[in-house]
Structure formats: C-alpha cells, structure tokens
Amino acid sequence: MRLFPGARQIIDYAKALAITDGTDKARDALSIFRRRIATGVGAVLLGLVAIAFAKLGDHVQQLFLRFSSAWPYGALILTPTIFAGTVYLTRLWAPDARGSGIPQIIAASRNPVRDALGPLVSLKTGAFKLVMTLLMLCGGGSVGREGPTVQVSAAIMVAVHRFLRVPITAGVLIAGGAAGVAAAFNTPLAGVAFAIEELASAYEQKVAVLVMAAVMVAGLVSLGIAGDYIYFGAMRQTLDLRGVLLVAPVAGIAGGVAGGLFSRALLGFSVARRPWIRAIKQRPVAVAAVCGLLVAILGIVSMGATWGTGYETTRHLVEAQGGSYWFGPAKFLSTLATALSGAPGGIFAPSLSVGAGLGDLLTSIFPEDPKGAVVLLGMIGYFVGVVRAPLTAVIIITETTASRGMIVPLFATALIADLVSALVCRERLYHGLAKPFLMTDGTNIFDRHLIK
C-alpha cells in the first residue's frame, strides 16, 4: 500500500506521541502511589509518636504532683529553675522549637520547598520540642501537648516524603499538622477543621484529600492502641431555648474579651514594639525564671490545679463535679506566664481549661441551667477568643465531650466570641506568632544567638 508524501512521518510522530503519553501516565501513576504510601506511613508513625508523647506527658505530670505533695514549697525552686533552663537550652540548641509549634507550621507552609529543608520542620527540632515540653510538664508548666504534636507530626510527614523522594508541598505540612491534632485529642473531624481554618491559607481539593487520608490513618492508629476514649468525659446535658438565648451571648462576650486579651498580651510581647518590652526581652532566661516563679505560686495557692495541662480539673468541671471559682482566673495567669516565658509547649489544652473555669464562674449567674452545659459554653467562648477558629472549636469540644446535643448553642457562642475577640485583638494569634518564623532573604527574624 502506497502512502501519500509525508504520511510515514505523521505515523512515526503519532507512535512517538503515544509512547510518550503512556510513559507520562505511568510516571504520574507511580508518583501518586508513592505520595499515598508516604502519607500512610507518615500518618502511622506520627500517630505512634503522639500516643507515646501523651503517655509520657501524663507520667511526668504525675511525677511533679507527687514531688509537690512531698515537698509543698519545692515548686518555688524547681519550677523557676526548669523554666529558665528550658528557655536557655531552647535558644541555644533549637530556637525554632520555642512556643506552641503551630505558628512554625503556618510559617513553613508559606514556602514548603525551602522550609522543608530548614529547622522549622526538622526531626531534630521536633524531637527537641517534645523533650522540652515534657520537661516543662515536669516543672508544672501550664502547657499543652497538641502544639508540639502538630510540629513533630509535620516534621515526620516531611521526613517520610523526603525519604521516598516525594515532592514537599504545603499539603504535606498541612496534612501532618492536622493529623497531629487528631491524634493528640482523638478527634478526627477536628483535625480536618483545624487544617481548613488555621493551617491552610488557600485550601485546595487535592489538599483536602491528603488531609483526610492522613487524619484517618492517624485516627485508626490512635483507636487501635488507645481505644475509643472521650478526652474530657461525656456531657449529656443540653440547654433549652431560653438557656441558649441567655447563656450563649454572655459566654461568647466574656470568652471573646478574655481570649482576646490573652492573644493581645502574647502578641504584644512577641512583637515588642514598646521600649520597656524590648528591654525585658533582652533577659529571656531571667524572664523565664520569673514566669516560672509565678506559675509555682499559683499552683501552690490553687492546690496544684493550675499546674500542667489542666486536664483533670477540666474533666471534673465538664462532668459537673464542681471546682474552685478561682481556677479560671488562676489558670489564665498561669497559662499566660508560661506562654510569655518562651518555653516550648502548646496552649490548646490550657485554653480549654481556662474556658472551663470561665464556664464554672458563669454557673453562679445561671444556677437554673445545667452546669455541664454552661461550662461547655465557657470553654468554647474563651477558646475561640484565643485561637479565632470557631469551626475547629465546635468540633473539637463536641468530639472531646460527646455533647452532640449542644451543637447549636456551641455555634452561637463561638460566632459571638469570634466577633468580640476580633474587636479586642484584630490579628489572629497563631498567624501573628508565625511572623517571627517567616524568613526574609534567608535570615530568620528571630536572633538565634541572643542568649543573656
């Protein structure tokens, strides 16, 4: 069969195009497979690390409580010493491990290709942060485990992707951080919501799939090892319409104001625009020691209630077992002092504890309404006031207390608290705290070598 002139060239070109197209499809399929393997392996590993970290955190808190029981005033020496030592070592060896850990992931997600090779999401920084957070809990610091878990989870996810030679994108960091939240609280839905509201500045469909896959695997690991537990205990009480219309606005306004003031104080100290704040920050170790002394005094006065994450006291308040009305204000000061010290540690769990204390105060104003329900509205009001993430707050409190009948009052309180907090402190806390970690011309704004 004779072909018209040029037909042979066309056929050869078509064959080459088909071969190339087939090669590209095979390469794309292999890339997708490797990414899924990396996400699955990373989620399993971070789930195991989160469970081990939680167990160790509970253990060291018990050690400190036994110490304080044997030597009631020993915390006046031990706590300031641990605060000062932790801040000194952090600034010396791993300055990117300071604070919560969530701002670091927000900063790293802005330029994941560059920061994936940097200290913000390195395994060294993550491991150091876990050790220093445990040390803070061993000294009675009012810190949570979730922020450090988010940072180390993102570091694990990045390390696995690099090992398998999978490109690092913002979705990898977001998925790792979201899975960390899910594993820390055993709250899969809250992990997804947190990724949407806090970690992802531009949320995409492919990121959503990656996040949900990582959260699901991490949740299965937690479920298989730790069981299907409810973090703060079950709260089955509900509010009627009258209660919602009365309590929700008060809890939202009070929580928004208090949480906004906490964020404003923390951001103001972080930015240090005023000369006297800059002068104080020139002595970070001394500041940490003073903060530790204040935390020790508050713990002694409150009979140990303000030390650590505040989990036990919060659980008692949620389950309407009662507590001291001074717990909320004292925990607020203890958490603020711990955060201002610059030591590693999260503020999620302590903020929920402060909110529970606020809710307990509100029960005296609304004695006819179920105490547990009012406490929950105080929790969400203050928590949203601090982190400005209403959807995450509603889901995380619903999942940690099994209070599905409170969804409408929780949403109402959260929206009011978010609005009020924005009036008190315009900038969102985690995004404001992320600014010192954003690098300009390859140099971190934070002076890593300033140790005095």
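**A walk through the helices**

Start with α6: this helix is mostly covered, with 15 of its 18 residues buried. Buried means under 20% relative accessible area, exposed means over 50%, and partly exposed lies in between, using a 1.4 Å probe and protein chains only. Helix α6 covers residues 146–163. From first C-alpha to last it reaches 25 Å, close to the 26 Å expected at 1.5 Å a residue. The expected span is 1.5 Å times one less than the number of residues. After α6 comes Arg165, with a positive phi near 60 degrees.

A word on the source. This is a predicted model, where local features need pLDDT of at least 70 and side-chain atom pairs count only at pLDDT 80 or more, while totals for chains, interfaces and linings use all residues. Residues are numbered from 1 along each chain as its sequence is written, and side-chain values use heavy atoms, leaving out hydrogens and water.

Now the overall picture. The protein has 19 helices and two strands. Helices are DSSP runs of H or I with at least four residues, strands are runs of E with at least two, and both are numbered from the N terminus. Of the 452 residues, 54% are buried. Take the contacts with a separation of 6 or more: 81% of them join residues 24 or more positions apart. Contact means heavy atoms within 4.5 Å.

Next, α2, residues 75–93. Its 19 residues should span 27 Å at 1.5 Å a residue, and the end C-alpha atoms are 26 Å apart, so the two agree. Buried residues in α2 include Pro80, Phe83, Ala84 and Val87.

What does Ala289 touch, leaving aside neighbours within four places in sequence? Pro80 and Ala84. Ala289 sits in helix α12, residues 284–301. It is partly exposed, with a relative accessible area of 25%. Ala289 and Val87 are 202 residues apart in sequence, yet their C-alpha atoms are 9.1 Å apart in space.

On to helix pairs. The axes of α7 (residues 170–185) and α8 (residues 188–199) come within 7 Å and cross at roughly 135 degrees. That makes α7 oblique to α8. Axes are lines fitted to C-alpha atoms, for helices over the stretch in contact, and angles run from 0 to 180 degrees between N-to-C directions. Under 35 degrees counts as roughly parallel, over 145 as roughly antiparallel, 65 to 115 as roughly perpendicular, and the rest as oblique. On the α7 side, the contact includes Ile174 and Val181; on the α8 side, it includes Phe194 and Leu199. By class, the contact residues are nine nonpolar, two polar and no charged. Nonpolar means Ala, Val, Leu, Ile, Met, Phe, Trp, Tyr, Cys and Pro; charged means Asp, Glu, Lys and Arg; the others, Gly among them, are polar.

Among the contact residues are Phe327, Lys331 and Phe332 of α14, and Val354, Leu358 and Leu361 of α15. This contact has seven nonpolar, four polar and one charged residues.

Last stop: Thr413, in helix α18, residues 407–424. Is Thr413 buried or exposed? Buried, with a relative accessible area of 0%. Not counting residues up to four places away in sequence, Thr413 touches Ala248, Ala251, Gly252, Leu377, Ile380 and Gly381.
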